[in-house]
Amino acid sequence: MSDNIILVLDFGGQYCHLISRRVRDAGVYSEIRPFDVSLESIQKLPVKGIILSGGPSSVYETDAPTLDKKVLDWCATAKIPILGLCYGHQLLGQLTGGKVEPNPVKEYGRTQLAVKKSAGILDGMAKEETVWMSHGDQVKKLPSGFDVLASTKDCPIAAFASKENMLTGLQFHPEVKHTPKGQQMLENFIFKICKCEKNWSIENWTRDTIDAIKKEVGDRRVLLALSGGVDSTVVSVLMQKAISNQLHCVFVDNGVMRKNEGQDVENYFKNVLHYEQFYRVDAQEKFLSKLSGVTDPEQKRKIIGFTFIEVFEDFAKELEKKFGKFELLAQGTIYPDRVETAATSKSSAKIKSHHNLTLPEKMAMKIIEPIKDLYKDEVRKVGKNLGIPAEIINRHPFPGPGLAVRCVGEVKKEYLDLLREADAILIEEIKKAGIYDGLWQAFAVFLPVKTVGVMGDFRTYQFLCSIRIVESQDAMTANFARPDWDLLDRISTRIINEVRGINRVVYDISNKPPATIEYE
(Lines give C-alpha, C1' and ligand atoms only; values in the text may rest on other atoms or scores of the structure.)
Protein backbone atom coordinates (compact mmCIF):
# COMPACT_ATOMS: atom_id res chain seq x y z
CA MET A 1 0.00 0.00 0.00
CA SER A 2 1.14 3.55 -0.71
CA ASP A 3 2.42 5.57 2.21
CA ASN A 4 0.07 8.44 1.35
CA ILE A 5 -3.60 8.03 0.48
CA ILE A 6 -6.41 10.34 -0.51
CA LEU A 7 -9.57 8.82 0.94
CA VAL A 8 -12.84 9.39 -0.94
CA LEU A 9 -16.00 9.09 1.15
CA ASP A 10 -19.00 7.96 -0.88
CA PHE A 11 -22.25 9.84 -0.32
CA GLY A 12 -23.98 8.09 -3.22
CA GLY A 13 -22.87 10.30 -6.10
CA GLN A 14 -22.60 8.83 -9.59
CA TYR A 15 -19.13 10.38 -9.99
CA CYS A 16 -17.64 9.01 -6.75
CA HIS A 17 -15.38 6.51 -8.48
CA LEU A 18 -14.41 9.07 -11.06
CA ILE A 19 -12.98 11.16 -8.22
CA SER A 20 -10.84 8.23 -7.14
CA ARG A 21 -9.67 7.68 -10.70
CA ARG A 22 -8.63 11.31 -11.09
CA VAL A 23 -6.57 11.12 -7.91
CA ARG A 24 -4.80 8.00 -9.18
CA ASP A 25 -4.27 9.68 -12.54
CA ALA A 26 -2.35 12.34 -10.62
CA GLY A 27 0.02 9.67 -9.29
CA VAL A 28 -1.41 9.34 -5.78
CA TYR A 29 -3.19 6.26 -4.45
CA SER A 30 -6.86 6.65 -3.61
CA GLU A 31 -9.40 4.41 -1.95
CA ILE A 32 -13.16 4.73 -1.48
CA ARG A 33 -15.02 4.15 1.77
CA PRO A 34 -18.70 4.59 2.70
CA PHE A 35 -19.59 7.94 4.22
CA ASP A 36 -20.21 6.32 7.62
CA VAL A 37 -16.80 4.65 7.84
CA SER A 38 -15.52 4.58 11.42
CA LEU A 39 -12.78 6.91 12.59
CA GLU A 40 -10.82 3.85 13.73
CA SER A 41 -10.79 2.49 10.16
CA ILE A 42 -9.57 5.80 8.77
CA GLN A 43 -6.82 6.07 11.37
CA LYS A 44 -5.37 2.73 10.23
CA LEU A 45 -4.60 4.25 6.81
CA PRO A 46 -1.85 6.74 5.89
CA VAL A 47 -4.47 9.36 4.97
CA LYS A 48 -3.17 12.71 3.73
CA GLY A 49 -6.54 14.13 2.67
CA ILE A 50 -10.25 13.30 2.45
CA ILE A 51 -12.69 14.08 -0.35
CA LEU A 52 -16.45 14.03 0.26
CA SER A 53 -18.31 12.98 -2.90
CA GLY A 54 -21.52 14.34 -4.30
CA GLY A 55 -24.82 12.58 -3.73
CA PRO A 56 -28.56 12.69 -4.43
CA SER A 57 -29.63 13.71 -0.91
CA SER A 58 -30.32 17.10 0.65
CA VAL A 59 -28.46 17.89 3.87
CA TYR A 60 -31.67 19.00 5.60
CA GLU A 61 -33.54 15.75 4.84
CA THR A 62 -34.34 13.34 7.66
CA ASP A 63 -31.64 10.65 7.81
CA ALA A 64 -29.52 12.45 5.21
CA PRO A 65 -26.01 10.92 5.04
CA THR A 66 -23.55 12.91 7.07
CA LEU A 67 -19.94 12.91 8.23
CA ASP A 68 -19.22 11.60 11.71
CA LYS A 69 -18.28 14.60 13.85
CA LYS A 70 -15.43 12.53 15.34
CA VAL A 71 -13.92 12.30 11.86
CA LEU A 72 -14.26 16.04 11.35
CA ASP A 73 -12.68 16.78 14.75
CA TRP A 74 -9.83 14.30 14.19
CA CYS A 75 -9.04 15.83 10.79
CA ALA A 76 -8.83 19.26 12.39
CA THR A 77 -6.47 18.00 15.12
CA ALA A 78 -4.35 15.86 12.77
CA LYS A 79 -4.23 18.60 10.11
CA ILE A 80 -5.91 16.38 7.47
CA PRO A 81 -7.49 18.63 4.78
CA ILE A 82 -11.04 17.87 3.62
CA LEU A 83 -12.51 18.72 0.21
CA GLY A 84 -16.27 18.60 -0.29
CA LEU A 85 -17.73 18.30 -3.79
CA CYS A 86 -21.36 19.15 -4.58
CA TYR A 87 -23.27 17.43 -1.73
CA GLY A 88 -19.96 17.22 0.14
CA HIS A 89 -19.59 21.00 -0.31
CA GLN A 90 -23.03 21.59 1.17
CA LEU A 91 -22.39 19.16 4.01
CA LEU A 92 -19.19 20.95 5.02
CA GLY A 93 -21.06 24.22 4.95
CA GLN A 94 -23.76 22.85 7.23
CA LEU A 95 -21.45 21.01 9.65
CA THR A 96 -19.34 24.12 10.24
CA GLY A 97 -22.32 26.29 11.10
CA GLY A 98 -23.20 27.67 7.68
CA LYS A 99 -26.63 27.69 6.08
CA VAL A 100 -27.80 25.43 3.23
CA GLU A 101 -31.09 25.96 1.41
CA PRO A 102 -32.82 24.82 -1.77
CA ASN A 103 -32.42 27.39 -4.52
CA PRO A 104 -35.29 28.38 -6.84
CA VAL A 105 -32.92 28.12 -9.80
CA LYS A 106 -31.32 24.72 -10.26
CA GLU A 107 -27.95 24.51 -12.02
CA TYR A 108 -27.28 21.59 -14.36
CA GLY A 109 -24.59 21.34 -17.00
CA ARG A 110 -21.83 23.72 -18.06
CA THR A 111 -21.65 26.94 -16.09
CA GLN A 112 -19.27 29.90 -16.02
CA LEU A 113 -17.42 30.24 -12.74
CA ALA A 114 -16.31 33.71 -11.63
CA VAL A 115 -13.08 33.25 -9.65
CA LYS A 116 -12.87 35.85 -6.88
CA LYS A 117 -9.70 34.50 -5.24
CA SER A 118 -7.16 32.52 -7.29
CA ALA A 119 -5.70 30.67 -4.31
CA GLY A 120 -5.75 27.30 -2.59
CA ILE A 121 -7.65 24.82 -4.72
CA LEU A 122 -8.23 27.53 -7.35
CA ASP A 123 -4.58 28.52 -7.54
CA GLY A 124 -3.63 29.30 -11.14
CA MET A 125 -7.23 29.67 -12.33
CA ALA A 126 -8.31 32.46 -14.66
CA LYS A 127 -10.90 35.02 -13.64
CA GLU A 128 -13.49 32.93 -15.45
CA GLU A 129 -13.53 29.14 -15.80
CA THR A 130 -16.01 26.64 -17.23
CA VAL A 131 -17.30 24.11 -14.70
CA TRP A 132 -19.93 21.36 -14.56
CA MET A 133 -22.82 21.88 -12.14
CA SER A 134 -25.52 19.46 -10.97
CA HIS A 135 -27.38 20.69 -7.90
CA GLY A 136 -30.58 22.11 -6.46
CA ASP A 137 -29.46 23.08 -2.95
CA GLN A 138 -26.62 25.47 -2.24
CA VAL A 139 -24.65 27.02 0.60
CA LYS A 140 -26.33 30.36 1.34
CA LYS A 141 -24.19 31.53 4.25
CA LEU A 142 -20.73 30.63 5.58
CA PRO A 143 -19.55 30.88 9.18
CA SER A 144 -16.73 33.21 10.16
CA GLY A 145 -13.26 32.07 9.21
CA PHE A 146 -14.24 31.08 5.66
CA ASP A 147 -13.61 32.86 2.36
CA VAL A 148 -15.71 32.70 -0.79
CA LEU A 149 -13.35 31.74 -3.61
CA ALA A 150 -15.77 31.75 -6.56
CA SER A 151 -19.37 32.21 -7.61
CA THR A 152 -21.67 31.67 -10.58
CA LYS A 153 -24.62 33.65 -11.84
CA ASP A 154 -27.04 31.63 -9.70
CA CYS A 155 -24.73 30.41 -6.94
CA PRO A 156 -22.97 33.13 -4.90
CA ILE A 157 -20.91 30.58 -2.93
CA ALA A 158 -19.71 28.13 -5.60
CA ALA A 159 -16.34 27.59 -3.89
CA PHE A 160 -15.13 28.32 -0.37
CA ALA A 161 -12.15 27.61 1.87
CA SER A 162 -11.31 27.95 5.53
CA LYS A 163 -8.12 29.50 6.81
CA GLU A 164 -5.06 27.42 5.82
CA ASN A 165 -7.39 25.53 3.41
CA MET A 166 -8.14 22.76 5.90
CA LEU A 167 -11.76 22.74 4.68
CA THR A 168 -12.56 23.43 1.04
CA GLY A 169 -15.85 23.16 -0.81
CA LEU A 170 -16.69 23.17 -4.52
CA GLN A 171 -20.33 23.20 -5.57
CA PHE A 172 -19.32 21.97 -9.02
CA HIS A 173 -17.68 18.73 -10.21
CA PRO A 174 -13.93 19.06 -10.96
CA GLU A 175 -13.68 15.29 -11.55
CA VAL A 176 -15.64 15.34 -14.84
CA LYS A 177 -14.06 16.27 -18.15
CA HIS A 178 -16.71 18.94 -18.65
CA THR A 179 -14.73 20.98 -16.11
CA PRO A 180 -11.62 21.63 -18.26
CA LYS A 181 -9.39 22.75 -15.37
CA GLY A 182 -10.85 20.21 -12.96
CA GLN A 183 -7.78 17.99 -12.85
CA GLN A 184 -5.58 20.99 -12.06
CA MET A 185 -7.93 21.92 -9.22
CA LEU A 186 -7.80 18.41 -7.79
CA GLU A 187 -4.02 18.38 -8.07
CA ASN A 188 -3.89 21.70 -6.22
CA PHE A 189 -5.73 19.95 -3.39
CA ILE A 190 -3.64 16.76 -3.58
CA PHE A 191 -0.18 18.30 -3.80
CA LYS A 192 -0.36 21.89 -2.57
CA ILE A 193 -2.88 21.48 0.22
CA CYS A 194 -2.46 17.82 1.28
CA LYS A 195 1.29 17.74 0.50
CA CYS A 196 1.05 14.26 -1.06
CA GLU A 197 3.96 12.58 -2.81
CA LYS A 198 3.51 11.37 -6.38
CA ASN A 199 4.33 7.70 -5.86
CA TRP A 200 1.40 5.66 -7.17
CA SER A 201 2.22 3.80 -10.38
CA ILE A 202 1.25 0.58 -12.12
CA GLU A 203 4.86 -0.60 -11.95
CA ASN A 204 4.96 -0.18 -8.17
CA TRP A 205 1.51 -1.74 -7.80
CA THR A 206 2.51 -4.77 -9.90
CA ARG A 207 5.66 -5.39 -7.88
CA ASP A 208 3.88 -4.94 -4.55
CA THR A 209 0.97 -7.18 -5.58
CA ILE A 210 3.22 -10.06 -6.65
CA ASP A 211 4.98 -9.80 -3.28
CA ALA A 212 1.64 -9.70 -1.47
CA ILE A 213 0.39 -12.80 -3.32
CA LYS A 214 3.56 -14.70 -2.35
CA LYS A 215 3.07 -13.73 1.28
CA GLU A 216 -0.65 -14.56 1.38
CA VAL A 217 -0.45 -17.88 -0.47
CA GLY A 218 2.69 -19.27 1.09
CA ASP A 219 3.07 -22.91 0.07
CA ARG A 220 -0.65 -23.49 -0.58
CA ARG A 221 -2.18 -24.38 -3.94
CA VAL A 222 -4.53 -21.96 -5.69
CA LEU A 223 -7.36 -22.55 -8.15
CA LEU A 224 -8.01 -19.75 -10.62
CA ALA A 225 -11.39 -19.33 -12.24
CA LEU A 226 -10.17 -18.50 -15.73
CA SER A 227 -12.44 -16.99 -18.39
CA GLY A 228 -9.78 -16.04 -20.93
CA GLY A 229 -10.70 -12.37 -20.76
CA VAL A 230 -8.37 -9.51 -19.87
CA ASP A 231 -9.03 -9.59 -16.12
CA SER A 232 -8.57 -13.30 -15.44
CA THR A 233 -5.60 -13.46 -17.83
CA VAL A 234 -3.82 -10.68 -15.96
CA VAL A 235 -4.59 -12.38 -12.66
CA SER A 236 -3.21 -15.67 -13.98
CA VAL A 237 0.09 -14.07 -15.00
CA LEU A 238 0.39 -12.21 -11.67
CA MET A 239 -0.23 -15.48 -9.84
CA GLN A 240 2.19 -17.42 -12.05
CA LYS A 241 4.96 -14.93 -11.35
CA ALA A 242 4.20 -15.12 -7.64
CA ILE A 243 3.62 -18.84 -7.04
CA SER A 244 4.45 -20.64 -10.30
CA ASN A 245 3.17 -24.25 -10.35
CA GLN A 246 1.08 -23.80 -7.22
CA LEU A 247 -1.49 -22.24 -9.57
CA HIS A 248 -4.09 -24.43 -11.31
CA CYS A 249 -6.25 -22.68 -13.95
CA VAL A 250 -9.78 -23.96 -14.54
CA PHE A 251 -11.79 -22.73 -17.52
CA VAL A 252 -15.50 -23.57 -17.25
CA ASP A 253 -17.09 -23.64 -20.72
CA ASN A 254 -20.62 -22.58 -19.81
CA GLY A 255 -22.28 -22.58 -23.23
CA VAL A 256 -22.76 -18.82 -23.30
CA MET A 257 -19.38 -17.94 -24.80
CA ARG A 258 -18.78 -16.22 -28.14
CA LYS A 259 -18.17 -18.07 -31.39
CA ASN A 260 -15.21 -20.50 -31.09
CA GLU A 261 -14.22 -18.87 -27.80
CA GLY A 262 -13.84 -22.07 -25.81
CA GLN A 263 -11.30 -23.48 -28.23
CA ASP A 264 -9.54 -20.12 -28.57
CA VAL A 265 -9.08 -19.85 -24.80
CA GLU A 266 -7.71 -23.39 -24.58
CA ASN A 267 -5.28 -22.81 -27.45
CA TYR A 268 -3.97 -19.58 -25.97
CA PHE A 269 -3.29 -20.84 -22.47
CA LYS A 270 -1.93 -24.20 -23.53
CA ASN A 271 0.03 -23.25 -26.63
CA VAL A 272 1.00 -19.59 -26.12
CA LEU A 273 1.39 -19.20 -22.36
CA HIS A 274 2.24 -22.91 -21.99
CA TYR A 275 0.24 -23.44 -18.82
CA GLU A 276 0.69 -27.10 -17.92
CA GLN A 277 -2.02 -26.99 -15.28
CA PHE A 278 -4.85 -25.66 -17.45
CA TYR A 279 -8.18 -27.51 -17.40
CA ARG A 280 -11.20 -27.00 -19.63
CA VAL A 281 -14.48 -28.20 -18.16
CA ASP A 282 -17.37 -28.63 -20.62
CA ALA A 283 -20.55 -27.79 -18.69
CA GLN A 284 -22.59 -26.26 -21.50
CA GLU A 285 -25.60 -28.56 -21.18
CA LYS A 286 -25.81 -28.07 -17.41
CA PHE A 287 -25.82 -24.25 -17.64
CA LEU A 288 -28.35 -24.10 -20.47
CA SER A 289 -30.63 -26.57 -18.72
CA LYS A 290 -30.70 -24.44 -15.55
CA LEU A 291 -31.29 -21.25 -17.56
CA SER A 292 -34.24 -22.75 -19.41
CA GLY A 293 -37.40 -20.67 -18.97
CA VAL A 294 -35.65 -17.96 -16.88
CA THR A 295 -36.16 -14.38 -18.08
CA ASP A 296 -35.26 -12.17 -15.10
CA PRO A 297 -31.74 -10.69 -15.57
CA GLU A 298 -30.76 -10.89 -11.90
CA GLN A 299 -31.96 -14.49 -11.71
CA LYS A 300 -29.94 -15.39 -14.80
CA ARG A 301 -26.81 -13.88 -13.29
CA LYS A 302 -27.32 -15.72 -10.01
CA ILE A 303 -28.00 -19.04 -11.72
CA ILE A 304 -24.79 -18.69 -13.72
CA GLY A 305 -22.86 -17.67 -10.61
CA PHE A 306 -24.12 -20.55 -8.48
CA THR A 307 -23.87 -23.10 -11.29
CA PHE A 308 -20.32 -21.97 -11.91
CA ILE A 309 -19.46 -22.59 -8.25
CA GLU A 310 -21.18 -25.97 -8.34
CA VAL A 311 -19.26 -27.07 -11.44
CA PHE A 312 -16.05 -25.55 -10.14
CA GLU A 313 -16.30 -27.25 -6.75
CA ASP A 314 -17.08 -30.63 -8.33
CA PHE A 315 -14.02 -30.32 -10.56
CA ALA A 316 -11.91 -29.11 -7.65
CA LYS A 317 -12.78 -32.29 -5.76
CA GLU A 318 -11.46 -34.33 -8.68
CA LEU A 319 -8.25 -32.30 -8.70
CA GLU A 320 -7.87 -32.73 -4.96
CA LYS A 321 -7.83 -36.50 -5.40
CA LYS A 322 -4.65 -35.99 -7.42
CA PHE A 323 -2.99 -32.94 -5.85
CA GLY A 324 -4.43 -32.64 -2.37
CA LYS A 325 -6.48 -29.88 -0.73
CA PHE A 326 -7.06 -26.48 -2.41
CA GLU A 327 -7.76 -23.70 0.07
CA LEU A 328 -7.67 -20.64 -2.18
CA LEU A 329 -9.70 -19.50 -5.20
CA ALA A 330 -8.43 -16.61 -7.36
CA GLN A 331 -10.79 -14.42 -9.38
CA GLY A 332 -10.55 -11.52 -11.81
CA THR A 333 -13.00 -9.22 -10.02
CA ILE A 334 -12.30 -5.52 -10.69
CA TYR A 335 -13.54 -2.30 -9.09
CA PRO A 336 -16.59 -1.62 -11.32
CA ASP A 337 -17.81 -5.18 -10.64
CA ARG A 338 -17.83 -4.46 -6.92
CA VAL A 339 -19.32 -1.00 -7.39
CA GLU A 340 -22.33 -2.28 -9.31
CA THR A 341 -22.88 -5.41 -7.23
CA ALA A 342 -22.91 -3.87 -3.78
CA ALA A 343 -22.82 -0.11 -3.60
CA THR A 344 -19.94 1.40 -1.66
CA SER A 345 -22.23 3.33 0.64
CA LYS A 346 -25.78 3.00 1.93
CA SER A 347 -26.70 5.99 -0.23
CA SER A 348 -25.57 4.30 -3.47
CA ALA A 349 -27.88 2.18 -5.56
CA LYS A 350 -27.18 -1.43 -6.46
CA ILE A 351 -27.21 -1.76 -10.25
CA LYS A 352 -26.69 -5.48 -10.89
CA SER A 353 -25.02 -8.57 -9.53
CA HIS A 354 -21.76 -9.83 -11.02
CA HIS A 355 -21.20 -13.57 -11.14
CA ASN A 356 -17.82 -13.31 -9.43
CA LEU A 357 -19.49 -11.84 -6.38
CA THR A 358 -22.65 -13.94 -5.93
CA LEU A 359 -20.83 -16.70 -4.04
CA PRO A 360 -22.64 -19.02 -1.61
CA GLU A 361 -21.65 -18.85 2.06
CA LYS A 362 -20.96 -22.62 2.12
CA MET A 363 -18.12 -22.26 -0.37
CA ALA A 364 -15.09 -23.95 1.13
CA MET A 365 -12.29 -21.87 -0.43
CA LYS A 366 -11.01 -18.44 0.51
CA ILE A 367 -11.20 -15.85 -2.26
CA ILE A 368 -8.15 -13.99 -3.60
CA GLU A 369 -8.90 -11.01 -5.85
CA PRO A 370 -5.59 -9.35 -6.75
CA ILE A 371 -7.09 -6.70 -9.08
CA LYS A 372 -10.25 -5.91 -7.12
CA ASP A 373 -9.20 -2.28 -6.57
CA LEU A 374 -8.30 -1.57 -10.21
CA TYR A 375 -10.34 -0.16 -13.06
CA LYS A 376 -10.27 -1.84 -16.46
CA ASP A 377 -7.75 0.51 -18.06
CA GLU A 378 -5.47 0.05 -15.04
CA VAL A 379 -5.76 -3.73 -15.45
CA ARG A 380 -4.69 -3.33 -19.07
CA LYS A 381 -1.67 -1.30 -17.99
CA VAL A 382 -0.73 -4.06 -15.55
CA GLY A 383 -1.07 -6.62 -18.36
CA LYS A 384 1.16 -4.58 -20.62
CA ASN A 385 3.68 -4.23 -17.81
CA LEU A 386 3.63 -8.04 -17.44
CA GLY A 387 4.31 -8.53 -21.15
CA ILE A 388 0.93 -9.99 -22.08
CA PRO A 389 0.34 -9.68 -25.88
CA ALA A 390 -1.66 -6.67 -27.11
CA GLU A 391 -4.31 -8.86 -28.77
CA ILE A 392 -5.23 -10.19 -25.32
CA ILE A 393 -4.80 -6.97 -23.35
CA ASN A 394 -6.87 -4.94 -25.80
CA ARG A 395 -9.78 -7.37 -25.95
CA HIS A 396 -13.09 -5.73 -25.21
CA PRO A 397 -14.64 -6.53 -21.81
CA PHE A 398 -16.93 -9.56 -21.78
CA PRO A 399 -19.45 -10.06 -18.96
CA GLY A 400 -19.03 -13.01 -16.62
CA PRO A 401 -22.52 -14.35 -17.46
CA GLY A 402 -21.49 -14.14 -21.12
CA LEU A 403 -24.07 -14.05 -23.87
CA ALA A 404 -26.80 -14.89 -21.34
CA VAL A 405 -27.06 -11.16 -20.56
CA ARG A 406 -26.85 -10.22 -24.23
CA CYS A 407 -29.73 -12.54 -25.01
CA VAL A 408 -32.66 -10.55 -23.61
CA GLY A 409 -35.25 -12.70 -21.88
CA GLU A 410 -35.05 -16.47 -22.02
CA VAL A 411 -31.76 -18.05 -23.05
CA LYS A 412 -32.13 -20.75 -25.70
CA LYS A 413 -29.44 -22.49 -27.72
CA GLU A 414 -31.06 -21.41 -31.00
CA TYR A 415 -30.98 -17.77 -29.81
CA LEU A 416 -27.36 -18.07 -28.70
CA ASP A 417 -26.34 -19.54 -32.05
CA LEU A 418 -27.90 -16.61 -33.90
CA LEU A 419 -26.26 -14.16 -31.50
CA ARG A 420 -22.84 -15.77 -31.85
CA GLU A 421 -22.90 -15.45 -35.64
CA ALA A 422 -24.13 -11.83 -35.56
CA ASP A 423 -21.52 -10.87 -32.95
CA ALA A 424 -18.70 -12.49 -34.94
CA ILE A 425 -19.67 -10.48 -38.03
CA LEU A 426 -19.77 -7.24 -36.02
CA ILE A 427 -16.29 -7.77 -34.51
CA GLU A 428 -14.82 -8.85 -37.85
CA GLU A 429 -16.06 -5.70 -39.60
CA ILE A 430 -14.95 -3.39 -36.78
CA LYS A 431 -11.47 -4.87 -36.85
CA LYS A 432 -11.35 -4.54 -40.64
CA ALA A 433 -12.29 -0.87 -40.25
CA GLY A 434 -9.35 -0.38 -37.84
CA ILE A 435 -11.42 1.02 -34.98
CA TYR A 436 -11.57 -1.96 -32.59
CA ASP A 437 -8.78 -0.79 -30.26
CA GLY A 438 -10.26 2.69 -29.96
CA LEU A 439 -13.58 1.39 -28.64
CA TRP A 440 -14.49 0.25 -25.14
CA GLN A 441 -16.94 -2.41 -26.27
CA ALA A 442 -18.76 -3.55 -29.38
CA PHE A 443 -21.25 -6.39 -29.31
CA ALA A 444 -24.51 -7.71 -30.68
CA VAL A 445 -27.63 -8.26 -28.59
CA PHE A 446 -30.40 -10.74 -29.38
CA LEU A 447 -33.90 -9.37 -28.82
CA PRO A 448 -36.74 -11.94 -28.67
CA VAL A 449 -38.92 -9.78 -30.90
CA LYS A 450 -39.98 -10.78 -34.39
CA THR A 451 -40.54 -8.25 -37.15
CA VAL A 452 -41.75 -8.47 -40.74
CA GLY A 453 -39.19 -8.31 -43.52
CA VAL A 454 -38.87 -9.05 -47.23
CA MET A 455 -36.14 -11.19 -48.78
CA GLY A 456 -36.48 -11.58 -52.52
CA ASP A 457 -40.14 -12.21 -53.22
CA PHE A 458 -40.81 -13.71 -49.85
CA ARG A 459 -42.13 -12.26 -46.62
CA THR A 460 -40.08 -13.02 -43.51
CA TYR A 461 -40.99 -12.91 -39.85
CA GLN A 462 -37.72 -13.11 -37.95
CA PHE A 463 -35.82 -11.81 -34.95
CA LEU A 464 -34.33 -8.42 -34.15
CA CYS A 465 -30.63 -7.79 -33.45
CA SER A 466 -29.31 -4.71 -31.69
CA ILE A 467 -25.76 -3.42 -32.13
CA ARG A 468 -24.09 -1.78 -29.13
CA ILE A 469 -20.81 0.14 -29.63
CA VAL A 470 -19.57 2.39 -26.82
CA GLU A 471 -16.61 4.57 -25.90
CA SER A 472 -15.42 4.81 -22.30
CA GLN A 473 -12.35 4.99 -20.08
CA ASP A 474 -13.45 2.95 -17.09
CA ALA A 475 -17.03 1.71 -17.71
CA MET A 476 -18.37 3.99 -14.96
CA THR A 477 -19.70 6.25 -17.70
CA ALA A 478 -19.92 5.58 -21.44
CA ASN A 479 -21.05 7.24 -24.65
CA PHE A 480 -22.41 5.47 -27.70
CA ALA A 481 -19.88 5.54 -30.52
CA ARG A 482 -20.55 7.27 -33.82
CA PRO A 483 -19.06 4.91 -36.42
CA ASP A 484 -19.17 5.59 -40.13
CA TRP A 485 -22.61 4.98 -41.64
CA ASP A 486 -21.09 2.83 -44.37
CA LEU A 487 -19.61 0.56 -41.69
CA LEU A 488 -22.96 0.19 -39.97
CA ASP A 489 -24.50 -0.51 -43.36
CA ARG A 490 -21.99 -3.32 -44.03
CA ILE A 491 -22.54 -4.82 -40.59
CA SER A 492 -26.31 -4.75 -40.94
CA THR A 493 -26.28 -6.14 -44.48
CA ARG A 494 -23.98 -9.01 -43.56
CA ILE A 495 -25.94 -9.98 -40.45
CA ILE A 496 -29.27 -9.99 -42.30
CA ASN A 497 -27.86 -11.88 -45.30
CA GLU A 498 -25.70 -14.38 -43.42
CA VAL A 499 -27.55 -15.07 -40.17
CA ARG A 500 -30.69 -17.00 -41.02
CA GLY A 501 -33.25 -15.98 -38.43
CA ILE A 502 -32.47 -12.25 -38.16
CA ASN A 503 -34.09 -9.83 -40.57
CA ARG A 504 -33.64 -6.48 -38.81
CA VAL A 505 -30.66 -4.71 -37.18
CA VAL A 506 -30.92 -1.61 -34.97
CA TYR A 507 -28.19 0.60 -33.50
CA ASP A 508 -28.28 1.54 -29.81
CA ILE A 509 -27.65 5.24 -29.18
CA SER A 510 -28.01 5.21 -25.37
CA ASN A 511 -25.33 6.60 -23.06
CA LYS A 512 -24.38 5.41 -19.55
CA PRO A 513 -25.96 6.82 -17.50
CA PRO A 514 -28.92 6.58 -17.82
CA ALA A 515 -28.53 3.21 -19.59
CA THR A 516 -25.99 0.57 -18.61
CA ILE A 517 -23.49 -0.77 -21.16
CA GLU A 518 -24.88 -4.31 -21.06
CA TYR A 519 -28.57 -4.89 -21.61
CA GLU A 520 -29.06 -7.07 -18.54
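Glutamate 498 comes out as partly exposed, at 45% relative accessibility (buried is under 20% relative accessible area, exposed over 50%, partly exposed in between, with a 1.4 Å probe and protein chains only). Its side chain meets that of arginine 494 in a salt bridge, 2.8 Å from N to O (a side-chain nitrogen of Lys or Arg within 4 Å of a carboxyl oxygen of Asp or Glu). This is a predicted model, where local features need pLDDT of at least 70, side-chain atom pairs count only at pLDDT 80 or more, and totals for chains, interfaces and linings use all residues. Residues are numbered from 1 along each chain as its sequence is written, and side-chain values use heavy atoms, with hydrogens and water left out.

**Pairs within a helix**
- Arginine 494 and glutamate 498 sit four residues apart in helix 15 (residues 485–498), so about one helical turn separates them (helices are DSSP runs of H or I, at least four residues, numbered from the N terminus).
- Arginine 494 is buried, with a relative accessible area of 19%.
- Over in helix 14 (residues 413–432), lysine 413 and aspartate 417 are also four residues apart, about one turn of the helix.
- Lysine 413 and aspartate 417 form a salt bridge with their closest N and O atoms 2.9 Å apart, and aspartate 417 is partly exposed at 30%.

**A pair of sequence neighbours**
- Lysine 153 and aspartate 154 pair up in a salt bridge at 3.8 Å, N to O.
- Lysine 153 is exposed at 77% relative accessibility, while aspartate 154 is partly exposed at 23%.

**The wider picture**
- The count comes to 37 salt bridges.
- One network of salt bridges links Arg21, Arg22, Arg24, Asp25, Asp377 and Glu378.

How values were computed. Helix = DSSP H or I, 4+ residues; strand = E, 2+ residues; numbered from the N terminus.
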